[in-house]
Amino acid sequence: MNQLFRRKNYNNNNHSSGLSRVLGVWDIVFFGIAAIIGAGSFSSLGEAVFRGGPGVIILYIICGFACGFTALCYAEFASRIPTAGSAYTYAYASFGELIAWVIGWALIMEYSFGNIYVAFSWSDYFTSFMGRLGVFIPAYLTCSYPEAHKAVLNGSQNLELLNAWKNAPLIGNLRIILDIPALVINGLITWLVYRGVRESRNFNNVLVLMKLAVIILIILVGIAYINVDNWTPVNTVTKVSSFMPNGFAGVMSAVSGVFFAYIGFDALSVLSEETKDPQKNLPRGMIISLVLCTVIYIILTLVLTGMVDYRRFDGIGDPLSFIFERSNANLPWMELTVSFVAIIAITTVLLVFQMGQPRIWYAMSRDGLMPKKFMEIHPKHKTPSFATIITGVVVGVPILFTDKSFILDFTSIGTIFAFVLVCGGVLLLPSKEKLPGRFHMPYINSKIIFPFIFLGGLFFFYWWQPEFFQTLMDWNHPTEGEFRISMVLFIIINVGLCILAFVKNLSLIPLMGLSSCLYLLTGMSHNNWFWFIVWFGIGMIIYFSYGYKNSKLNNDLNGDLK
């Protein structure tokens, strides 16, 4: 059993990194905005709005809190080893091999499957852009088969998906529907990464400014087209107008779309060794960037839901240009501008993620947990060639038979689960010596504070949504039954955490991160959990059949015994 948690030791001249400490608070803020305002802001907002309605802004606030606490846990993680790295690296040093494998396997979900969703979104913006230029691509060549099929079965209002199904050519009884732009951009990005394209920091800084400028422009222009009645739509079943037309369960069902917009913030944790006075500047920069991004997302969501009825965002992967289409605000110049910037920005995100995934496989292969083939370096291009090709295949093949909603849920549940492990793991870490110039998470005794926050929040929610608690044990409800079961489990687990906090004097920050991330998981359906378990089951089979026996640490241990 102990061998499952064997740790990798990193030594580097008494924790001296050699990196220059040049970053101040606002440098961290800018880096944070660059990491957070990425593909999610251009793509997953549509899915989030469709599921949760205007009330989804509540979920942005919850996600912002969860990400803030988790970011501090990642920073504590990073300060435990004397070298920069990924969450996989930190876990290997702090928790041991098995947890490192689980987090590495979750990172594969975040990078590879996240890129599938981003490729779908790129296709939507590209199609919109070309359409405004007068080049129309048949609808059945710009979406996936499951997406069009689901739109027909569910009575979707998305005319493009319905037309794709209606007009698709047939081979026997099989409709030919596939997303050509998504497949092409994945192939091109894979080829560029294989050839060895380097990321340009200056170019990325320009992109950050472009993205922020376009978002501000969307807000300023969109305000004039807001219809406030769209903020309190009428529920088709109850015939009641509400800010949350699908109830609080509906808002929580949007957790994947909302959380996806924050993916990337964990990159902030690696900056501690380049930050001036990291003990103060790193947490301040993280919190400011998360607050600013949350405010931007809330305003942007209010503009989107005010301009267009939330039900029309079904299957929309290009929400920021969609609101300016002919059927909505009908502003061609805005649709062109937003689509153009989105195409460039999302292409860069695809490139960065596609570069990151092979390097995770490379690191795991170097540690012996994956076959040595993943360490293969191209003699000319000096890139992890085999791992890059496999990444392209892993991203490309599912584009043919998955849809946006499934990929979004699949990506988010794996990443949130990894955050749960990180926050929970930090609670178990022994205290460390405070070293000058390194981040050290402040210890706040949660003995009284956490039970007060949790129980106080529970009473506030009961006051705000009393009908929810009155039906909490009705698990047979067709739409809210699963969420109610998840909430009961969440409450039971947090009561247990309250007891542990009181008895063990646990640290408040990781405990709040753990609780808030667990809450985000209540929005996942049984289908999400099924595929999540299947994915991690495959991961465990690979680890115990190959990684455990071929681990470099295992071989070193056996060598020492001999």
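1. Helix α15 passes helix α16 in a right-handed crossing, a crossing being right-handed if the near helix is turned clockwise from the far one by less than a right angle, and left-handed if anticlockwise. This is a predicted model, in which local features need pLDDT of at least 70 and side-chain atom pairs count only at pLDDT 80 or more, while totals for chains, interfaces and linings use all residues. Residues are numbered from 1 along each chain as its sequence is written, and side-chain values use heavy atoms, with hydrogens and water left out.

2. To find the two helices, look at residues 332–366 for α15 and 385–401 for α16; helices here are DSSP runs (H or I, at least four residues), numbered from the N terminus. Their axes come within 9 Å and cross at roughly 120°. Axes are lines fitted to C-alpha atoms over the stretch in contact, and angles run from 0 to 180 degrees between N-to-C directions. The pair is therefore oblique (under 35 degrees is roughly parallel, over 145 roughly antiparallel, 65 to 115 roughly perpendicular, and the rest oblique).

3. On the α15 side, the contact (heavy atoms within 4.5 Å) is made by Gln354, Gln357, Pro358 and Trp361. From α16 come Ala387, Thr388, Ile390, Thr391, Gly392, Val394 and Val395. By class, that gives six nonpolar, five polar and no charged residues. Here Ala, Val, Leu, Ile, Met, Phe, Trp, Tyr, Cys and Pro count as nonpolar, Asp, Glu, Lys and Arg as charged, and the others, Gly among them, as polar.

4. Now to the charged pairs. Side chains of opposite charge can pair when their charged atoms come close. The count comes to ten salt bridges, each a side-chain nitrogen of Lys or Arg within 4 Å of a carboxyl oxygen of Asp or Glu. One of them joins Glu147 and Lys404, with the closest N and O atoms 2.4 Å apart. Glu147 sits in helix α7 (residues 145–153) and Lys404 in helix α17 (residues 404–428), so the bridge links distant parts of the chain, 257 residues apart. Both Glu147 and Lys404 are buried (under 20% relative accessible area; exposed is over 50% and partly exposed in between, with a 1.4 Å probe and protein chains only).

5. Helix α7 also supplies Lys150, whose side chain meets that of Asp403 in a salt bridge at 3.1 Å, N to O. Asp403 lies in the loop between α16 and α17, so this pair ties together parts 253 residues apart in sequence. Lys150 is partly exposed, at 32% relative accessibility, whereas Asp403 is buried at 11%.

6. Two further items belong with the salt bridges. Arg311 and Asp309 meet through their side chains at 2.9 Å, N to O. Glu47, Arg51 and Asp409 are linked in a network.

7. For the backbone, please look at two asparagines. Asn330, in the loop between α14 (319–322) and α15, has a positive phi of about 55° although it is not a glycine. Asn505 has a positive phi near 55° and lies in the loop between α20 (481–504) and α21 (508–521). Asn330 is partly exposed, at 39% relative accessible area, and Asn505 is partly exposed at 30%.

8. Lastly, Ala164 belongs to helix α8 (residues 159–167) and is buried at 0% relative accessibility. Leaving aside neighbours within four places in sequence, Ala164 is in contact with Ala139, Tyr140, Cys143, Ala148 and Ile177.
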